[in-house]
Amino acid sequence: MTDLNTTTFPSAVDIGIGGMTCASCVGRVERALKKVPGVTNATVNLATESARIAFSGDGSMEARLRRAVRDAGYEPRTPAQMDAVDDISTWAGFGPVALGLLLSAPLALPMLGDLLGRHWMLPAWVQFLLATPVQFVLGARFYKAGWHALVARTGNMDLLVSIGTTAGWALSVWLWLSATDGAMVHLYFEGSAVVITLVLLGKWLEARAKRQTTSAIRALHALRPETAHLIGLDGEVDVPIAEVLLGDRLVVKPGERFPVDGTLQEGQTQVDESMLTGEPLPVPKEVGHKLTGGSINGDGRVVLQVTAVGGDTVLSHIIRLVEDAQAAKAPIQRLVDQVSAVFVPVVLVLALATLLAWWFTGHPFETAVIHAVAVLVIACPCALGLATPAAIMAGTGVAAQYGILIKDAQALERAHKVDVVAFDKTGTLTLGQPQLTNLLVPGSQMPDHDGASPEDDILRIAASLQSGSEHPLARAMVTAAQHKNFTIESPEAMRAVPGKGSEGVVGDATYCIGSLRWMEELGVDLGDLGAQSLEQQAQGATVSAIAERTGPDAAGPYVLRALLAFGDEPKPGALEALAALRARGIKTVMVSGDNRGAAEAMARRLGLRPEDGEVMAEVLPGDKAALVARLKLGGHTVAMVGDGVNDAPALAAADVGLAMGTGTDVAMHAAGITLMRGDVGLVAAALDISDRTVAKIRQNLFWAFAYNVAGIPLAALGYLNPVVAGAAMALSSVSVMTNALLLKRWKPCAPDPYAGHPGATPKKATK
């Protein structure tokens, strides 16, 4: 028997990490995790204070990863501890800050007195008694983390703070003890105490902001009810959600949330699915319709049969996607990682250079130390580590509220560069519910033996051939036959020809049904229906044909039996959505497997211009990925929007793949962004939130670098004392978090209802 503890398997795990303070900490934890044998990748996020580790190992791997985190000087957290952090109150952790403010205020008071021409200097021993608890009790966390950084031969924010404030405190003690009796000396206890207090205040404000960035995840978790009304052997009983099984029948009362995914079995209702799709209008549900866990039941008592539980539900999938995106590291973060790897050692060298430069130029030693301390304090790289993840968390969180699920940070960062968007036609730009609009048979055909018309006979055969297919045209044929109450047979010897059609036996005859292009390859003569097929296509119809194989043993040529014309309708809002993209300067292209006439007719209804190359017709499913590759030539950044299985290769080949949530799971897995409702307008919204998120990242990085680029020289030249430097450093982190949180105010812009119509005036997109 195989020992489960020694079996190796690929897996991934999330571990909460306490004690990280800056980008240098992130790099140190990542290096420690990657050194563990079996780890293939490790990504640490400062904003979520967690690590996602991919590894191949045995059952003890997670324990070894946690040990590696602890050995690096940080605290690995359990899931329960991470949940507790999310649930803490707004003012949690303010106690040390309040104590620091209380002890530091008397020390800072003389600074205010100097501005007013008053001398309120406290005795040296009083300053010592006030500053020392702040330095070594409230500041103990900096010494602990700084020591671990030294042991690991690296540096972080804590090391800079502990060295700088200790230097200020020790200098004050030395000046106090070495002064002659009765002499008035200027001490710097207020500098070290106020700096530590300001840093603690900044970290507390930062922690509050972090909890706001994770509010989207917490809101999604809150959508899960804790109990369900199960119809059991003894009637209706309440059971925990964890005990619900596939196939169970559950009662959901008016106003309650659906506990899991299921199919409506009894009753009818209106369902609020805004948590999934961002669509505020309730959706009517009848028997047989799908119900999604977390959505809200309207005014009807209904019974559902469970189809998915636990991690397989749609809500769990959404939560997993958002968590993955927030845990991922954007490509732009590589720059921050490279800078932070050398940042602290460089700052230490600059501080030493500042000390020596001031001292050797004849200034008092205490003046040189104070300027060096100011350099150490203002250079703390907290803001650098928060700039990117804070913006990504805020952006992906608010996007999820409006039905835009961003799978990874790479898709989010790339989307703002998109200048070409390719749309699959059926189901994406159109409703994807074509109807059989015309059935044309050659004039020589006669009614069959039971008196049925040739059209009815062909429709019955076509529906039988397509009864097992999920293609929209196949469903249209089956629906048309069902409306006439025809008996649909099960075909034999069915053979599907990808991108062309299918062949099978119905009754005693062999038929093929598919595109006109395939009929041409098979040598089928359209005869007098050729002109009518062109006329139907010119009107925007999609035309297929059905042919019967003739000759002994059905081995002869195919003979045309009928042409079938199908019509589809554009999705509501598709015209305006495409016009909105064009107003942003983005080229739009429709990709269709239809013949060129039908494709161009539909394109014109959507406001596209075939003469400008905005229609790609007669594209086989297998060729869509190659088409995307051609569009990428010349340096274009291409987004592909689709919903079907055959769109998956193209979605994966595009720079950014956007899958309609109303489509297939395969398409959603291949895409980097999923649009939870089939609204084409969400494409422009997804590009817009990408635009704004990347803008916030750049703004944050600019400010984070600007604080240091401007602050370090000012501190080194003596224009900033340690107190002002500490305030500036704390302000840098808080400003970065606050700037990122502004994304939570984002809302998708409603498209102009007149956009794309004749006479409409193009408007430039707002950034």
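**Helices, a sheet and a buried serine**

Of the 767 residues of the chain, 50% count as buried. The model is a predicted one.

Reader: How many helices and strands are there in the chain?
Author: The model is predicted, and its helices and strands are numbered from the N terminus. The count for the chain is 27 helices and 26 strands.

Reader: Is Ser690 buried or exposed?
Author: Ser690 lies in helix α26, which covers residues 681-716. Buried means under 20% relative accessible area. Ser690 has a relative accessible area of 1%, so Ser690 is buried.

Reader: Which residues is Ser690 in contact with, leaving aside its neighbours within four places in sequence?
Author: The neighbours within four places in sequence are set aside here. What remains in contact with Ser690 is Leu412, Glu413, Ala415 and His416.

Reader: Why are the buried residues of α2 on the same side of the helix?
Author: In helix α2, residues 61-71, the buried residues are Met61, Leu65, Arg66, Ala68 and Val69. They are on the same side of α2 because the arc they cover around the axis is only 155 degrees. An α-helix has 3.6 residues a turn, so residues three or four places apart point the same way. On the other side of α2, the exposed residues are Ala63, Arg67 and Asp71.

Reader: Which strands stand at the edges of the open sheet?
Author: The sheet has 7 strands in the order β14-β26-β25-β24-β15-β22-β23, with mixed pairing. A strand at the edge has a single partner strand, so one side of it is left without a neighbour in the sheet. The edge strands are β14 (404-406) and β23 (615-616).

Reader: Is the crossing of α6 and α7 left-handed or right-handed?
Author: Helix α6 is made of residues 140-151 and helix α7 of residues 157-178. Their axes come within 7 Å and cross at roughly 120 degrees. The crossing is left-handed.

Reader: How many nonpolar, polar and charged residues has the contact of α6 with α7?
Author: Arg141, Phe142, Tyr143, Ala145, Gly146 and Leu150 in α6 meet Met157, Asp158, Leu159, Val161, Ser162 and Thr166 in α7. By class, the contact has 7 nonpolar, 3 polar and 2 charged residues.

Terms used. Residues numbered from 1 in each chain as written. Predicted model: local features only at pLDDT ≥ 70, side-chain atom pairs only at ≥ 80, totals over all residues. Heavy atoms only, no water. Helix = DSSP H or I, 4+ residues; strand = E, 2+ residues; numbered from the N terminus. Buried < 20%, exposed > 50% of the residue type's maximum accessible area, 1.4 Å probe, protein only. Contact = heavy atoms within 4.5 Å. Arc of directions from axis to C-beta. Pairing = 2+ DSSP bridges. Axes fitted to C-alpha atoms, helices over the stretch in contact; angles between N-to-C directions. Left-handed = near helix turned anticlockwise from the far one by under 90°. Nonpolar A, V, L, I, M, F, W, Y, C, P; charged D, E, K, R; others polar.
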